[in-house]
Amino acid sequence: IQIASFWENMDGTTRERLSHIQGIPLLERVVKYWPRVEKFQASEEDLLIATYPKAGTTWTQEVVDSILNEGDVEKCKRAPTQVRMPFLEMTAPDGITKLEVMDPPRVIKTHLPIQLVPRSFWDAGCKVIYMARNPKDTVVSYYHFDRMHLYQPDICLVLCKMGILGWGSWYDHVKGYWKERHNKKILYILYEDMKEDPVREVTRIAQFLKRQLSKSTIEHIVQMTAFSAMRENPMANYSTIPDTIFDRTASEFMRKGEVGDWKNHFSAGEDAAFEEHYRKIMSDCPIPIRFTI
C-alpha cells in the first residue's frame, strides 16, 4: 500500500509523509535522523515516559515533573513541557538534539513502540512509565490533533484499524509494553484510572519514582495537573508552538481530556465494528482498559 498517497491537506498542499523503521510507520524527519536516536546513550538515572500518540502524554509528563519537584508550581513552570522533557525521536530544537547535550537525570518523552526504544535504556536499567488510553478516545483525540497539526499526516478510523498511523498499530503498541512490564522496570498506568482516581494513581507514580510525598502534596499535584489547570498553563498547553505548525482555529491542543467522548463521534455501526475488531485483536492480552468510567 502506498501510504504516502493519504498525506494531503484539504487545500491540496502536501503534509509530511511517513517512512518506515522495522515496519513501523514514522514521520520522515524521524526516519532521517534515526541513527542518532538508535545510538542514544541513556543513563540509569533517566526516566522514559512512553505512550501511543494522544494517550495522555502531556498529562503524564506534568504529573511526573510535579512529583520530582514536590509540587513546586514555579519550578514546574520553568520552561514549556517539550523543553523540560524532550521528545526522544524528534530532532531540533527539543528532541534528540537537546537530549544529546543534556546531563542525566533526564525525563524523556517517546511514542516509540517498545521494540524501537534504543537498547541503551534497557541496558542501563532505566525506569519507564507507560500510559495507555482506550482506543476509541485515542482515535478521536488523534483526529482532532490531526486537524490542527499542519505537518501531521491525515488520519481516519479506517487507518487506525489498519495500524498505519504514525508510530504504528495502537494494538501492538499497548500490548508490547504490557507484555514486558514484569521483565523491565515499567510502570503501566491507564488513562481511565487516572481520571477516576488521580490521587491513587499519582501516589503510585510517586512510589515508583521512590518519592515520599505527603498526602497534601499529592492532592496539590492532582490540582496542578487537572485538565482545567493545564489548559490555562502556558508552560503545559503547547501555546508556545507557533501557528505555522498548530492551526488553533481548527482545534485546540488541549481539547477535552474526557473519557467517553468517543460517544459523540462514533455511529452505532462504527462502534459495533470497532468493538468486534477490538475483541478479536485483544483476545490474547487482557489489559483492563475501559471505554467509560
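## Helix α3 against helix α12

A crossing of two helices is right-handed if the near helix is turned clockwise from the far one by less than a right angle, and left-handed if anticlockwise. In this predicted model, the crossing of α3 and α12 is right-handed. Helix α3 covers residues 57–68, and helix α12 covers residues 198–208. Their axes come within 10 Å and cross at roughly 60°. That angle makes α3 oblique to α12.

Which residues make the contact between α3 and α12? From α3 come Val-63, Val-64 and Ile-67. From α12 come Val-202, Ile-205 and Ala-206. Sorted by class, this contact has 6 nonpolar residues, with no polar and no charged ones.

## Helix α12 against helix α13

Helix α12 also crosses helix α13, which spans residues 215–224. Here the axes come within 9 Å, and the crossing angle is roughly 110°. The two helices, α12 and α13, are therefore roughly perpendicular to each other. Their crossing is right-handed.

On the α12 side, the contact uses Pro-198, Val-199, Val-202, Thr-203 and Ala-206. On the α13 side, it uses Ile-218, Glu-219, Ile-221 and Val-222. The class count is 7 nonpolar, 1 polar and 1 charged. Look again at Val-202 and Ala-206 of α12: they take part in the contact with α3, and they also take part in the contact with α13.

## Helix α10 against helix α15

Another pair is α10, residues 170–179, and α15, residues 268–281. These helices pack at an angle of about 35°, and their axes are 11 Å apart. Is the crossing of α10 and α15 left-handed or right-handed? The α10 and α15 crossing is right-handed.

Three residues of α10 take part: Trp-170, Tyr-171 and Lys-175. They meet Phe-274, His-277, Tyr-278 and Ile-281 in α15. This contact divides into 5 nonpolar residues, 1 polar residue and 1 charged residue.

## Two backbone details

The peptide bond from Pro-104 to Pro-105 is cis. Its omega is near 0°. Where does Pro-105 sit? Pro-105 is in the loop between α6 (96–99) and β4 (107–110).

Lys-54 has a positive phi of about 65°, although Lys-54 is not a glycine. Lys-54 also lies in a loop, between β3 (47–51) and α3. That is the helix α3 whose axis crosses the axis of α12.

## The second largest pocket

What is the volume of the second largest pocket? The volume is about 290 Å³. In total, 17 residues line this pocket. Nearest its centre lie Glu-45, Leu-47, Leu-68, Pro-105 and Val-107.

How does the lining of the second largest pocket divide by class? There are 10 charged residues, 6 nonpolar residues and 1 polar residue.

How values were computed: Residues are numbered from 1 along each chain as its sequence is written. This is a predicted model: local features need pLDDT of at least 70, side-chain atom pairs count only at pLDDT 80 or more; totals for chains, interfaces and linings use all residues. Side-chain values use heavy atoms; hydrogens and water are left out. On a 1 Å grid over the protein atoms alone, a cavity is a set of points where a 1.4 Å probe fits but cannot get out, and a pocket is an open set with protein on both sides within 12 Å along at least five of seven lines; lining residues have an atom within 4 Å of a point. Grid points are joined across faces, edges and corners, and a volume is the space filled by probe spheres set on the points. Ala, Val, Leu, Ile, Met, Phe, Trp, Tyr, Cys and Pro count as nonpolar, Asp, Glu, Lys and Arg as charged, and the others, Gly among them, as polar. Axes are lines fitted to C-alpha atoms, for helices over the stretch in contact, and angles run from 0 to 180 degrees between N-to-C directions. Helices (H or I, at least four residues) and strands (E, at least two) are DSSP runs, numbered from the N terminus. Angles under 35 degrees count as roughly parallel, over 145 as roughly antiparallel, 65 to 115 as roughly perpendicular and the rest as oblique. Contact means heavy atoms within 4.5 Å.
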